[in-house]
Amino acid sequence: MRESGPDSLSFGTLAGRVQLAGSTLVQRFGTKANLLRAALLLAWDRLDADTDRALKRAGHGGTGVVEMLVMLSGQYRPGTFADQLLILREDLRDPVLRARGQAWLAMLGDAVELRLADAPGGSRGLGEIVLTHWQGTLTIWGFRRRGAISSQVRRSLTDLFDRLGISRD
Amino acid sequence: MTERVAGSQGRRSVEDARATRARLLDLAGDLFAERGYLQTSIRDLANHAGVTSGAIYGHFRNKAELLAEAINARTAALLEADTMGLPRNSDYVETLTRQGTRAPKRRRLRALIVQGASAAQTDEETRTRLREEQRAHIDEWVAGFERDRERLGLDPALDIEAAVLFVWAAELGLGVLESVGIEPRTVKSWADVQNRFARSWQLPPDRKRATPKK
């Protein structure tokens, strides 16, 4: 899926890669939709584990938020960024996966607001603004592929905090 | 007389072709945004439009071109008419704030771009087409701000391309959050953020006075 998109995933192509019979996979998953959902749930599990690690490692303040979101922007493992967009898009059609997406973004939003508790005027609503900006930066990078994604995210979020008058400490 | 009739028929067929193309773009935009880009085939579109797949390929080389053109048409209609293109006498702070209040009207455009961005991860043709389409709009917006930098009172040190990408990132990021059902808290809060971004591009009042006239 990461290499050529969810539509290209089939029992046949997967069977060739994992050296199992296509019929074994059909027996295990039943339909392509079930296979796709299982693969996306696995991608969500991985992203949740990455998020958990990033939340534990990131410090307080704007700097902590930038570090946290840079860690989640795919610089450590090629393909993570594509995973994020793939799984967010697939959420459009599947309520279970959509709920995972909502929960993930809500958790990140809370983590951002917790770290920005000292922001002038309070941190309520900042989680949404920061996540919106982060996801938009990732989307633009996906089109342009200019420079390292980690530097783009760092620069963009730092600029956001400067423009909103939020201290990075 | 025969020539006049032929001329009129020729004009009509060109107009018909334009109308069909516009209708296909509109329909494709709706279907890609609602059902997903990868999940909508040219055959699905043909069935909805009541034409053959061949007729669609008569207007568009492939699905990626159709997506790029659909995004282009909606961006022009919803943003540049509104306007990121900045007519000469506009107040850009007011314009960007107004665009913030009108964000709900652009929901489908954002959904389309997010669909395209996802497909672009694994499809080179879509990535190339959308990169060109996005580049063209961003270049136009940057050129508008560069042209009127002084009149708008923008900070001479402002990197205009970075500023335009900054506003665009907020628009696209909103599309990603909406794709999983997360809405901005209120339209007013969104407009306030846009207003703060726009004002942050200007020279502070004390530096405005100190700037020598050319």
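In this predicted model, the crossing of α6(A) and α7(A) is right-handed. The two helices pack with their axes 8 Å apart and at an angle of about 115 degrees. Angles of 65 to 115 degrees count as roughly perpendicular, and α6(A) and α7(A) are therefore roughly perpendicular to each other. On the side of α6(A), the contact is made by Leu105(A), Leu108(A), Gly109(A), Asp110(A), Val112(A) and Glu113(A). From α7(A) come Leu126(A), Gly127(A), Glu128(A), Val130(A) and Leu131(A). By class, the residues of this helix pair divide into six nonpolar, three charged and two polar.

The contact of chain A with chain B takes 36 residues from chain A and 36 residues from chain B. On the side of chain A that touches chain B, at least two residues each are supplied by α5 (80-90), α6 (95-115), α7 (126-144) and α8 (149-163) of chain A. Among these helices, α7(A) gives the most to that side, with 14 residues. The side of chain A that touches chain B has 13 nonpolar and 13 polar residues, together with ten charged residues.

Chain B has ten helices and zero strands. From the N terminus on, its elements run α-α-α-α-α-α-α-α-α-α. Of the 214 residues of chain B, 36% count as buried. Among contacts in chain B between residues at least 6 apart in sequence, 73% join residues at least 24 apart.

Note on methods
Residues are numbered from 1 along each chain as its sequence is written. Chains are lettered from A and ligands numbered from 1 in the order in which they are written. This is a predicted model: local features need pLDDT of at least 70, side-chain atom pairs count only at pLDDT 80 or more; totals for chains, interfaces and linings use all residues. Helices (H or I, at least four residues) and strands (E, at least two) are DSSP runs, numbered from the N terminus. A residue is buried if 20 or more other C-beta atoms lie within 10 Å of its own, exposed if 12 or fewer, and partly exposed in between; C-beta atoms are placed from the backbone. Two residues are in contact if their C-beta atoms, placed from the backbone, lie within 7 Å. Ala, Val, Leu, Ile, Met, Phe, Trp, Tyr, Cys and Pro count as nonpolar, Asp, Glu, Lys and Arg as charged, and the others, Gly among them, as polar. Axes are lines fitted to C-alpha atoms, for helices over the stretch in contact, and angles run from 0 to 180 degrees between N-to-C directions. Angles under 35 degrees count as roughly parallel, over 145 as roughly antiparallel, 65 to 115 as roughly perpendicular and the rest as oblique. A crossing is left-handed if the near helix is turned anticlockwise from the far one by less than a right angle, and right-handed if clockwise.
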